[in-house]
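These notes are for a colleague who is meeting this structure for the first time. Please keep the sequence and the model open while reading the points below.

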Amino acid sequence: MACPTRWGIVSAGMISSDFVASLKALPADEHRVVAVAARSLQSAKAFAARHGIEKSYGSYSELASDPDIDVVYVGAVQTKHLEVASQILRSGKAVLCEKPLCMNVRETQKLLDVARENKVFLMEAIWSRFFPVYKELGRRIKAGEIGDVVQVIASFGRNLQHLQRLQTKETGGGVTLDIALYPIQLTSFVMGGERPLKILAGGHLNVHEVDETISASLVYSKGRVASISASMKVDLPSEAHIIGTKGTIKIPFPVWCPEHLEGPSGNFEALLPKTGETFNYDNSQGLMYEAMEVRRCLKEGLLESPGVSHAESLTIATIMEAVRTQVGTVYPQDFQ
């Protein structure tokens, strides 16, 4: 029997709950959640009881020093990503860190350096990348189905004004880091991870001076451009069109966790498994795809995933920083 990848979970919040629930769709001899840590032992114990996890900790340092863990999923609020993920990497454990990897380019580079110095696997949890639809999109572009890519048009918008953590700087709020990341990473995927030549962005801030609506144009080499929009005030179409010299591929709603793709050679469908688990967010059972990728990378001894390379995490952070600062969102972390 294969040895399971032994997971530790940092934070007992909703996304961590969805991640653990998604693992239940995978073979038990491949993935096992060993422990959960939260800022309070009480919430860690409640989370452990709900998901059938044997160990619970009231501090992240206890989890970091648990010898029975191979990899840690960091689902903490993004303002804590650098601190917590660094601690775990220094303990010699692999890390799958929820997106955005960090608050800005400086922090992102710092975390990537910690992973490199300690020779430990680190991946930003851009789960979209590992959906079968994204793999099919990459295959079709490479096969020349739409000729040379000329433009990407993508949006993602939901009315999320009820989510308090998105509203203030103190919790790393704003639409760019939380929502615009998705059309940005899709564009980066299509453009082969290349850095844009020019980034032009505009938008509006809320009363707490974080961006709530953005629109951006990204200019790439070889005559390619992208138009992205994101909102945490209203529902946008939340779909993407990848337009080439010979045709268009469309990823319909929901672009960030899709089950369908439409293109010149026909439609593609990859439905998520029905697991019977309860999830907090749309299509969260698809979080299992990134867990499968982490296991594959660890088994092969890789220190980063080709699906979300360290270089591309840095490129995505660079685009997001340019977008939000042009709109006017500046975090305390930007002054450190």
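How do the residues of the lining of the second largest pocket divide into nonpolar, polar and charged?

1. The model is a predicted one, and in it the lining of the second largest pocket is made up of six nonpolar, three polar and two charged residues. The space in this pocket comes to about 150 Å³.

2. The residues that line the second largest pocket are Val20, Leu23, Lys24, Leu26, Ala28, His31, Arg32, Val33, His51, Gly52 and Ile53. Helix H1 and strand E2 (31-37) are the elements that give two or more residues to this lining, and E2 provides the largest share, with three residues.

3. Turning to the largest pocket, its volume is about 1,000 Å³. It is lined by 38 residues, of which Ile15, Leu163, Arg165, Asp178 and Tyr281 are the closest to its centre.

4. Three helices, H1 (14-23), H4 (81-90) and H7 (175-190), each contribute at least two residues to the lining of the largest pocket. Among the contributors, H4 gives the most, with four residues.

How values were computed
Residues numbered from 1 in each chain as written. Predicted model: local features only at pLDDT ≥ 70, side-chain atom pairs only at ≥ 80, totals over all residues. Heavy atoms only, no water. 1 Å grid on protein atoms, 1.4 Å probe; cavity = no way out; pocket = protein on both sides within 12 Å on 5 of 7 lines; lining within 4 Å. Points joined across faces, edges and corners; volume = space filled by probe spheres on them. Nonpolar A, V, L, I, M, F, W, Y, C, P; charged D, E, K, R; others polar.
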